[in-house]
Amino acid sequence: MISSFTVRRVLVAAAVVLSAAACAPEPAAPPAGAGPSCEPGALPTLTAGTLTFGTDQPVYPPWYLDDDPASGKGFESAVAYAIADGLGYPRDKVTWVRVPFNASIQPGPKSYDLNLTEFSITPERAQAVDFSAPYYDVKQAVVALETGPAANAASIAELKTAKLGAQVGTTSYQAIIDQIAPASEPAVFNTNDDAKLALSNGQVDAIVVDLPTAFYITSAELEGAKIVGQLPLGGGTPEQFGAVLDKDSPLTACVSTVIEKLRSDGTLAELERQWLASAETAPELR
């Protein structure tokens with residue numbers, strides 16, 4: 001028979017255990033925004049074991065050659081495969097999809113894991129998508145025909161009366177508005193091909209594109225075209241290209257870590273030397 005003393009000891013011990021449990025701290029919650037481990041080749045991609053890049057169609061040199069993003073040729077194609085390698089995805093585990101430029105930066109689920117199409121990082125775009133760490137600092141440039149009315153402009157003031165144009169939705173168009181502020185509304189084109197055609201047909205006096213594209217247009221695409229000059233940095237802050245990912249993508253931190261490594265170890269600088277012309281040969285407009 002159990003004595004009343006024993007029963008009391010059992011009840012006291014139980015009470016002590018319950019009290020300790022009640023006072024025990026809650027398990028630590030994971031840090032806010034904590035992403036997945038960046039274990040090589042094991043990220044939570046759209047297709048398990050495969051990294052999917054998106055880009056526009058068509059795409060142009062010097063960013064991509066022959067409208068073939070999978071070739072590894074051209075600056076952004078080469079950067080894409082360097083990122084993939086850093087994330088643990090060899091070339092045979094990389095696929096590409098085509099998405100129109102403007103659709104790529106709209107809210108909503110994406111058909112790619114990350115997209116490289118000369119997307120400048122802006123606060124407005126960052127409300128709808130994630131951006132990686134920047135992989136390229138860029139300026140905008142004015143391109144005109146050597147025989148055209150804007151060819152000899154030596155300052156921004158001399159461009160204010162010119163008929164200017166750029167691709168819709170781009171920072172090139174925004175640079176016209178913010179940095180040149182022309183007297184007439186700029187012409188807007190669906191693609192750079194349309195803009196180049198308008199320039200060659202005399203529909204516009206000059207177009208604005210990013211500087212590497214300007215070098216390629218004037219050296220290989222549009223006979224008799226010249227770079228009038230580079231536009232200054234808006235507000236002194238460099239315009240930078242970043243990879244676009246879905247908003248709050250679990251991959252963003254890992255992609256940014258790889259890009260920062262590619263910058264610090266000199267890979268990005270080497271790819272720039274290989275694929276992009278030097279900005280030092282283009283005059284600056286003031």
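Which residues have the most contacts inside the largest nonpolar core?

1. Basis. This is a predicted model, in which local features need pLDDT of at least 70, side-chain atom pairs count only at pLDDT 80 or more, and totals for chains, interfaces and linings use all residues. Residues are numbered from 1 along each chain as its sequence is written, and side-chain values use heavy atoms, with hydrogens and water left out.

2. Largest core. Phe53, Ile83, Leu87, Leu114, Leu116 and Tyr135 have the most contacts inside the largest nonpolar core, which has 36 residues. A nonpolar core is a set of buried Ala, Val, Leu, Ile, Met, Phe, Trp, Tyr and Cys residues joined through side-chain atoms within 4.5 Å; buried means under 20% relative accessible area, exposed over 50%, and partly exposed in between (1.4 Å probe, protein chains only).

3. Contributing elements. Elements giving two or more residues to this core include β1 (51-55), β4 (129-138) and α7 (252-264). The largest share, nine residues, comes from α2. Helices (H or I, at least four residues) and strands (E, at least two) are DSSP runs, numbered from the N terminus.

4. Phe53. Beyond its neighbours within four places in sequence, Phe53 is in contact (heavy atoms within 4.5 Å) with residues including Ala80, Ala84, Trp96 and Leu114.

5. Second core. A separate core of 19 residues includes Ala198, Ala214, Phe215 and Ile217.

6. Thr218. Thr218 is found in helix α6 (residues 211-221) and counts as partly exposed because its relative accessibility is 22%. The Thr218 side chain reaches the backbone oxygen of Ala214 at 2.9 Å and that of Phe215 at 3.2 Å.

Notes: A polar contact is a pair of N or O atoms within 3.5 Å; within protein, one must be able to donate a hydrogen and the other to accept it, and residues adjacent in sequence count only if both atoms are side-chain atoms.
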